[in-house]
Amino acid sequence: MPLPPESRIDSPRIGILSDVPEESILSAATPRSPYFHNTGSTSTFKAAASTSSLTSVSSSSRAPAGPRNPAAPSRSTTPRSTTPRSASDVSPSTPSATGEKSRAGTRNGSPATLKDRDRDRDRAKDRERDSPKDRERKDRERERHRERGRDKKAHKVRNVPHLPNAKEVVRAPATLMYWSRAPVFGVLPVHGVRAHSVTLVDSIAWLFGGCDEKGCWRDVFCFNTETMEWTHPDMLGEIPPPCRAHTATLVDRRIVVFGGGEGPVYYNELYILDTVTRRWSHPVFPEDTPIPPPRRAHTAVFYKNKVWIFGGGNGAEALNDVWTLDMSVPQDKLRWEQLETRGKKPTARGYHTANLVGNVMVIVGGSDGRECFSDIWCLNLDTLFWSIVKLDVAYQRLSHTATQVGSYLFLMGGHDGSQYTSELLLFNLVSLNFEPRATAGKPPSPRGYHVSFLTDSRLYVFGGFNGNEVYDDVHILELAGAAYLPQVTSFKIDVE
């Protein structure tokens, strides 16, 4: 039975809440709920200090997020118009009307002005000679140019990396895992991202979508994990609409994007990005075939040539269904299938994590919009049997990340039901319990809705949201003395 509006997955009722409209400007006094999302009314937790119980880290001291434009030198505090004005726009008492050159634009009758008039006259004549189809084609081309121009405003260029220089950080042994901020450069996004996706293909991390306080994005940025350089490649084909809280699953060198949404809209569309040709495609399914309901905040893993989808929310209720998409067939033969699982199912949830460990999908935390979960579930993808893990110590988490590092899951950040955290929790997949592990350096500030992945003995963390600010930073955890962990592969998770 659908949950009442007050129990929607993106509008929790945890503790004392107050309503904050999604369109309002963020401020330090009004931290936004970790479920910030779709309807005209969203919820937010009461202001609380964001601290970590394991690593004494305070909330970010940076100012609330605002427009993020590249800094540019200014010669004067008085803005100067750059729009040419004609004589009809100027009062007769002004110098421009008496023949003097206007400081705000081009002089009327100058060669530049006459050239512009001639060009406009030629375009009007060409348009009259064009057929309706030609005019429509040219209009589409102009619209593409304008769209490309808007996309180019979504990044900035940094030619020199900003090397980390935190004087207050205490020196640490070389064997201790160490946090630092990545010295990135290149073509950087000018906006922060939350609820985005980052998919690692070889040494390149492909970032797609996400949102900030102004709206959602459909940009694709590439991050080279070896050089720390950002690039913004041009995309071809049917580019997806702006979205967040989708899944992006790597299949060979293709990225399969499903679901997500923007504002009150939820998607169940499928888009595939070929990272070799940089071309998007949009498979369309026959009307008589089953398709998963629209959703976001779900998870996906890839096993035996199939994408496995679990959970999420549709704006009215949380979900706990399981769907598969067979990727071993040609694209025009793709079909969805809903699976019937055995055993007691997890509570419906979204903003959880899912990791594939052997033939087992491990689900950690999440929320149904009313409660922040601390449980861990395992689904055997061969037998379709659900099992719950019995924990000695449990941690409530939603909008966190879980990255497999050998026989461990590294749980980073997220929300514990009362505040955002920057804790790093290590879950042992053999003993099925959490273990403490010390880290040094300067960890990321408390956040959720970020993305993390492992490569070259480093854990990368991209973006996120702390209730006030949407981040655009990249942080690195050097495994150091624990660099052997990813090599541990001969183990089995046993929960049945």
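G312 is found in strand β18, which spans residues 306-313; strands here (E, at least two residues) and helices (H or I, at least four) are DSSP runs numbered from the N terminus. G312 is buried, at a relative accessible area of 0%. Buried means under 20% relative accessible area, exposed over 50%, and partly exposed in between, computed with a 1.4 Å probe on protein chains only. G312 and G259 lie 53 residues apart in sequence, and their C-alpha atoms are 9.6 Å apart in space.

## Basis of the values

This is a predicted model, in which local features need pLDDT of at least 70 and side-chain atom pairs count only at pLDDT 80 or more, while totals for chains, interfaces and linings use all residues. Residues are numbered from 1 along each chain as its sequence is written, and side-chain values use heavy atoms, with hydrogens and water left out.

## An open sheet of five strands

An open sheet is formed by 5 strands in the order β10-β16-β15-β12-β11, with mixed pairing. Its edge strands, β10 (236-237) and β11 (247-251), each pair on one side only. Two strands count as paired if DSSP finds at least two bridges between them.

β10 runs parallel to β16 (residues 279-281), and 2 bridges join them. L236 has R279 in β16 as its bridge partner.

## Salt bridges

The structure holds 8 salt bridges, each defined as a side-chain nitrogen of Lys or Arg within 4 Å of a carboxyl oxygen of Asp or Glu. One of them joins the side chains of D202 and R253, at 2.6 Å from N to O. This pair links distant parts of the chain, 51 residues apart: D202 is in the loop between β6 (197-201) and β7 (204-208), and R253 is in the loop between β11 and β12 (254-258). D202 is exposed, with a relative accessible area of 53%, whereas R253 is partly exposed at 41%.

R295 and D321 form another salt bridge, with an N to O distance of 2.8 Å.

## R447 and its partners

R447 forms a salt bridge with D473, the closest N and O atoms being 2.8 Å apart. R447 belongs to the loop between β29 (439-441) and β30 (451-455), while D473 belongs to strand β32 (residues 470-478), 26 residues away. Both residues are buried: R447 has a relative accessible area of 0% and D473 one of 3%.

The charged end of R447 also sits over the ring of Y471, 4.0 Å from its centre. The criterion is NZ of Lys or CZ of Arg within 6 Å of the ring centre and within 35 degrees of the ring normal. The charged end of R437 sits over the ring of Y408, 5.9 Å from its centre.

## Aromatic pairs

The structure holds 18 aromatic pairs. Rings of Phe, Tyr and Trp (its six-membered ring) pair if their centres lie within 6.5 Å; planes under 30 degrees apart count as stacked, over 60 as edge-to-face and the rest as tilted. The ring centres of F223 and W230 are 5.0 Å apart and their planes are at 55°, so this pair is tilted. F223 is buried at 0% relative accessible area, and W230 is buried at 4%.

W377 is buried, at 5%, and W386 is buried, at 3%.
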